[in-house]
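Q: Hi! Could you walk me through this model?

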Amino acid sequence: MAVGEGTRVYLNFSLSLEDGSEVDSNFGGDAVDFVVGDGRLPEGFERRLYGMVAGERQMFSVPPADAFGEPNEHNVQQLPRGQFEEGTRLEKGLVHYFADAAGGEVAGVITEFDEQRVVVDFNHPLAGRTLLFDAHIHRVEPAELH
């Protein structure tokens, strides 16, 4: 059976930047599984797996449009320093979590700060990056088995 709509896929994978530095990997560990279309894997990565079968391994170059998108300047915001609790350690590159309108959390990276303001980038950290996606398919089965 090949990877496609209506399938559950078991795989090991890694994500790397074009310079070869690894971002994430589960090679050396147990395979993870997902149902095609369940939203756990970005569609641009999923589509590249279509047609692959158990035992197959491929490396794909995934451009930003198919991965985490391009950075959006509107996702970089200046916030008043007073919005941060006194004693909060601010550091360039630090990930800080903010409450969103739905009651969840959204991560932002502090890019600069001074006594009056803090600049926070809410773009995905991999936005604008071409990624290398290495996928080794272990098993493909009909999704309704689970």
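Q: Which pLDDT cut-offs apply here?
A: This is a predicted model, so local features need pLDDT of at least 70, side-chain atom pairs count only at pLDDT 80 or more, and totals for chains, interfaces and linings use all residues. Residues are numbered from 1 along each chain as its sequence is written, and side-chain values use heavy atoms, with hydrogens and water left out.

Q: Thanks! What volume does the largest pocket have?
A: About 220 Å³. A pocket here is an open set of points on a 1 Å grid over the protein atoms alone, where a 1.4 Å probe fits, with protein on both sides within 12 Å along at least five of seven lines. The volume is the space filled by probe spheres set on the points, which are joined across faces, edges and corners.

Q: And which lining residues are closest to its centre?
A: Of 13 lining residues (an atom within 4 Å of a point), those are Phe13, Val32, Arg40, Leu41 and Pro42.

Q: Switching topic: is Thr130 buried or exposed?
A: Thr130 is buried, with a relative accessible area of 19%; buried means under 20%, exposed over 50%, partly exposed in between, with a 1.4 Å probe and protein chains only.

Q: What does Thr130 touch?
A: Not counting residues up to four places away in sequence, Thr130 touches Ser16, Leu17, Glu18, Ser61, Val62, Pro63 and Pro64, where contact means heavy atoms within 4.5 Å.

Q: How far is the C-alpha of Thr130 from that of Asp66?
A: They are separated by 9.0 Å, with the two residues 64 apart along the chain.
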